[in-house]
Every structure is written in structure tokens, then in C-alpha cells.
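The sequence and structure come first.

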Amino acid sequence: AQRLAAIAVNLVRVERLAEGIPHKAHALLADSSALADQCTREIRTLSYLLHPPMLEEAGLAAALNWYANGFSQRSGVQVTVDAPTPMERLPHDLEMTIFRIVQESLTNISRHSGSKTARIRLQRPTGEVLLEIKDEGKGIPPEKLERVQGNVFGLGVGVAGIWERVKQFGGNLEIHSNSSGTTVSVVLPLPEETL
């Protein structure tokens, strides 16, 4: 990001020094400067998504709402979040895992489902955390579900990543899908020290 910022500064300086250059060259400089600015914004967004400061500062429910709003703006999929606020803090690695599962699930909805809506529901009954992500898309083709026969790795890298995260905490993952949409349900046990 710092090197990209330096490139942007240099491009602005070159533009100032480049009086009298052909119009095409000036247009290329302006385009390069705009591309550098766009890359800087995208790196900033990516940085926030990889290490969301909202998760650290305000907790899981606030971070999910923040992410859902941004995702809705970027994708056009209207996402609602049903999570208790305020919500008692969970261990950092568990909050990050839930956040990553939501990211991957929403990405899958945007890429594959055709749904214009998604709903995230987060609950914390005694001893566990329940997460549900639901869409109203075309669903996973039945023949694909039959082929995988419970092996989530057959559903793609994203679902396999979700399963690995869930398994790390000794949780459970269920995926229900039909022509009316898909529901990803995750149950994660809470560590004893948080009970």
C-alpha cells in the first residue's frame, strides 16, 4: 500500500511536469493515476475484510452488521442480520471464525445462488453459538447434492473452508438446499471458560 501510494504521488508529479506532451500520453498518465487510486481503495477494503477493526472494537454483532451493509452495497444482495445486541463477547478466534463463515457464505450466495436477499441469524443459547445463513436463490442442484453424499468437499472450496473452520471448534455444519434457496446452519460449542 505504501509503494502504491508512492507511485500515485509520482504519477501526479509527472503529470505536472508533462506540459505539452501529446494528448494520448496525458490521457495514459491520468488513467494510470486513477488506477493507482482505485488499487489503493481496494487494498484498504481488503485489509478491513481480512482484519476487521469493527470486530475488535465493537464485537461480533456490530461487525456482522457492518459487513452485511458493505456487502449489500457491493453486491446488490440485501442482507439482514438478526443478532442480539449487545452480545456478550466470545473468544477472539471464535468470533473471527464466525465472521469468516459469514463472509464465505455471502460470497457463495452472490456468486452462485442468484438470490437478491440473504439473512444471517446468530443466537447464543447456553453452551453454544448458532449461526444460520439463508438465501432465496436457486439452490444447489439436487444431482450435485446426491453426488457429494455428505462430503462437503464436493461442494467447492468455500464450503470446504467453512467445514474446516467448524471442525476446528468441534462444531456441526448442515446445508439444506432446494429450488427455494439454501440454508447453512452452524453450531459451535462454547469453550468452558465462557459458559
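The model is predicted: local features need pLDDT of at least 70, side-chain atom pairs count only at pLDDT 80 or more, and totals for chains, interfaces and linings use all residues. Residues are numbered from 1 along each chain as its sequence is written, and side-chain values use heavy atoms, with hydrogens and water left out.

## Nonpolar cores

A nonpolar core is a set of buried (under 20% relative accessible area, 1.4 Å probe, protein chains only) Ala, Val, Leu, Ile, Met, Phe, Trp, Tyr and Cys residues joined through side-chain atoms within 4.5 Å. In the largest one, of 35 residues, L131 is among those with the most contacts, along with L60, I98, L106 and L122. At least two residues each come from α4 (60-75), α5, β2 (117-123), β3, α7 and β5; helices (H or I, at least four residues) and strands (E, at least two) are DSSP runs, numbered from the N terminus. The top contributor is α5, with eight residues.

A second, separate core has six residues, including L4, A8, L11 and A36.

## Largest pocket

A pocket is an open set of points on a 1 Å grid over the protein atoms alone, where a 1.4 Å probe fits, with protein on both sides within 12 Å along at least five of seven lines; lining residues have an atom within 4 Å of a point. The volume of the largest pocket is about 460 Å³, taken as the space filled by probe spheres set on the points, which are joined across faces, edges and corners. Its lining has 23 residues, of which N108, H112, I140, L155 and V159 are the closest to the centre.

Two or more lining residues come from each of α5 (92-113), β3 (128-135), α7 (157-168) and β5 (181-189). The largest share, seven residues, belongs to α5.

Note on methods
Buried means under 20% relative accessible area, exposed over 50%, partly exposed in between (1.4 Å probe, protein chains only).
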